Amino acid sequence: MKVENIKTLGELKEVDYKSKSIKDELRDNLIKKIKNKETTFEGVHGYENTVIPELERAILSRHNINLLGLRGQAKTRLARLMLNLLDEYIPVVEGSEINDDPFQPISRYALELINDKGDDTPISWIHRSERFAEKLATPDVTVADIIGDVDPIKAANLKLSYADDRVIHYGMIPRANRCIFVINELPDLQARIQVALFNILQEGDIQIRGFKLRLPLDIQFLFTANPEDYTNRGSIVTPLKDRIGSQILTHYPEDIETARRITEQEAKLVESQKASVIVPDLARDLLEQIVFEARESEFIDAKSGVSARLSISALENLLSTAERRALISGDALTTLRLSDFVGIVPAITGKVELVYEGEQEGAAVVAYNLIGEAVKKLFEEFFPKIGKLQKQEEEGPYDDVISWFFNQKDGFELLDDLRDKEYKTLLDAILPLDDLLAEFQPNLEKMDSYFVKEFVLWALVEYKQLSKHRFTEGIQFKDPYGSFISGI
């Protein structure tokens, strides 16, 4: 007999059902998963040796938890994944507003019902998916919202005085009894509201409007917060921090491989995009490197962070840029180009918080600088480094490429909407690029070679060996000094 088919308290007793607190429930199920070598937090990457072990220790310790970190660090996702550590179903007294445990009822409604009906008390079951409550802390949140208040309409309908506890309207926290309750952005909660949480966290009970009401609630609290030095709108009051068992610091991915896994997992790409746009590995690495550069940029406020959502939105924009070009040109299949990265600028400008110097430069200029810095950083992993000073008589690996551009008086243009065939023909015309790739990237796949060729041109621009000019319809590359020498 499935437990969820049990309908009365008497039947529940017959199967010898044992109720337990939510913290014990989480602890016991976590122990089972660890023993069975199961993944406890599926789909969270980069935290395997840092955040997740700390979170597991906090659950084993039966602690309330605060996840502290910058935006886009999977804090809310971790909280929601804790649902998987709950029992599939738990019994509640049917009709209870606060999910009363049939064996340990706490509300007046449940106590009176069990006293009246005994073993015939009706039981209902709630699935773990229903045992999650979440509240975004905003300045307008009141004690009545999260804890409760006297309901004058209920008092009038029941013809009861305000002194009767039956006129209380329960807030979000009592209604989340035996559930996981998450308060996002805790520092944004007004100090007086944070104070109202003291009793709930320490003694597990609530107080409403001076009622001598003790409700020993059974709740797993999770809080999320940005570091206090960034959140100028408020802070976590010290006595509340003292009552939170474990504070766990989250972080951004520490390497490109992890960042790529997250981006590819989270990006909402249409199947037709995936089928029609070939994305070279270098392009995916470059996209993540742009985000890494943003986190280090002097123009971007490091305290506000650069969310993982930036790379997710940027990948979606990137494929859409290539898809749009293919639709215009009539190509059924296209390979991503480095010039398509112009399409990710809106994803960058909307997701970074600039410092004063960045505002002076302008958001779009900062975005283009990030792309350039990322190109420069990755270039050294594939090709010889370009030194700042080079002896005049000394030959360099890029001399033939630069000489080719020196002889192009009108420059070399790559238009945004070129068909794939025309794009490849133009790049194939730069014969020294083929020699360069043959020497330093001999195992490169043909379909990736054109992206790498353009990548070399962008890198030479960053090292001041070539100049690049963005115009309405595309990009022009030129020798930076040829026009002066030739007198053009």
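This is a predicted model: local features need pLDDT of at least 70, side-chain atom pairs count only at pLDDT 80 or more; totals for chains, interfaces and linings use all residues.
Which residues is Asp 416 in contact with, leaving aside its neighbours within four places in sequence? That was my opening entry. I found Arg 325, Arg 337, Arg 470, Thr 472, Glu 473 and Gly 474.

**Asp 416**

I looked up where Asp 416 sits, and it is in the loop between strand E12 (412-415) and helix H20 (420-428). Its relative accessibility is 22%, so I wrote it down as partly exposed. I then checked two of the arginines on its contact list. The side chain of Arg 470 makes a polar contact with the side chain of Asp 416, at 2.5 Å. Arg 325 is 91 residues away from Asp 416 in sequence, yet their C-alpha atoms are 7.4 Å apart in space.

Arg 337 turned up again when I went through charges over rings. Its charged end sits over the ring of Tyr 423, 4.1 Å from the ring centre.

**The whole chain**

I stepped back to look at the protein chain as a whole. I noted 23 helices and 14 strands. The C-alpha atoms fill a box of roughly 100 × 50 × 40 Å along the principal axes. I looked up the radius of gyration too: the chain has 31 Å, whereas a compact globule of 488 residues would have one near 23 Å. Of those 488 residues, 50% count as buried. I also checked how far contacts reach along the sequence. Among contacts between residues at least 6 apart, 75% join residues at least 24 apart.

**Glu 25**

Is Glu 25 buried or exposed? It has a relative accessible area of 2%, so it goes in my list as buried. Glu 25 is in helix H2. I wanted to know what its side chain meets, and one of its polar atoms lies 2.8 Å from the backbone nitrogen of Asp 87. Beyond its neighbours within four places in sequence, Glu 25 is in contact with Lys 20, Leu 85, Leu 86, Asp 87, Ile 90 and Arg 131.

**Aromatic rings**

How many aromatic pairs does the structure hold? I got 13. One of them is Tyr 17 with Trp 125, which is edge-to-face, with 5.9 Å centre to centre and 85 degrees between the planes. This pair links distant parts of the chain, 108 residues apart: Tyr 17 is in the loop between helix H1 (9-14) and helix H2 (22-35), and Trp 125 is in strand E3 (residues 123-127). Tyr 17 counts as buried because its relative accessibility is 18%, and the cut-off is under 20%. Trp 125 is at 13%, so it counts as buried.

Next I looked at Phe 379 and Phe 383. Their ring centres are 5.3 Å apart and their planes are at 20 degrees, so I noted the pair as stacked. Both of these residues are buried. They also belong to a cluster linked by ring pairs, whose members are Phe 379, Phe 382, Phe 383, Tyr 398, Phe 440, Phe 455 and Tyr 463. For Tyr 463 I have a further note: Lys 376 lies over the face of its ring, at 5.1 Å from the ring centre.

**Helix H22**

I tested the length of helix H22, residues 446-462. At 1.5 Å a residue its 17 residues should span 24 Å, and the end C-alpha atoms are 25 Å apart, which agrees. Why call H22 largely enclosed by the rest of the structure? The reason is that 14 of its 17 residues are buried.

**Positive phi values**

Most residues other than glycine have a negative phi, so I went looking for exceptions. Ala 74 has a phi near 65 degrees. Ala 74 lies in the loop between strand E1 (65-68) and helix H4 (75-81), and I marked it partly exposed because its relative accessibility is 29%. Glu 185 has a phi near 55 degrees, and its place is the loop between strand E7 (180-184) and helix H9 (191-195).

**Tyr 356**

My last entry is on Tyr 356, in helix H17 (residues 356-361). Its relative accessibility is 59%, so Tyr 356 counts as exposed. Tyr 356 and Asp 301 are 55 residues apart in sequence and 9.2 Å apart in space, C-alpha to C-alpha.

Technical notes: Residues are numbered from 1 along each chain as its sequence is written. Side-chain values use heavy atoms; hydrogens and water are left out. Helices (H or I, at least four residues) and strands (E, at least two) are DSSP runs, numbered from the N terminus. The expected span of a helix is 1.5 Å times one less than its number of residues. Buried means under 20% relative accessible area, exposed over 50%, partly exposed in between (1.4 Å probe, protein chains only). Rings of Phe, Tyr and Trp (its six-membered ring) pair if their centres lie within 6.5 Å; planes under 30 degrees apart count as stacked, over 60 as edge-to-face and the rest as tilted. A charge sits over a ring if NZ of Lys or CZ of Arg is within 6 Å of the ring centre and within 35 degrees of the ring normal. A polar contact is a pair of N or O atoms within 3.5 Å; within protein, one must be able to donate a hydrogen and the other to accept it, and residues adjacent in sequence count only if both atoms are side-chain atoms. Contact means heavy atoms within 4.5 Å. The radius of gyration is taken over C-alpha atoms; the globule rule is 2.2 Å times the number of residues to the power 0.38.
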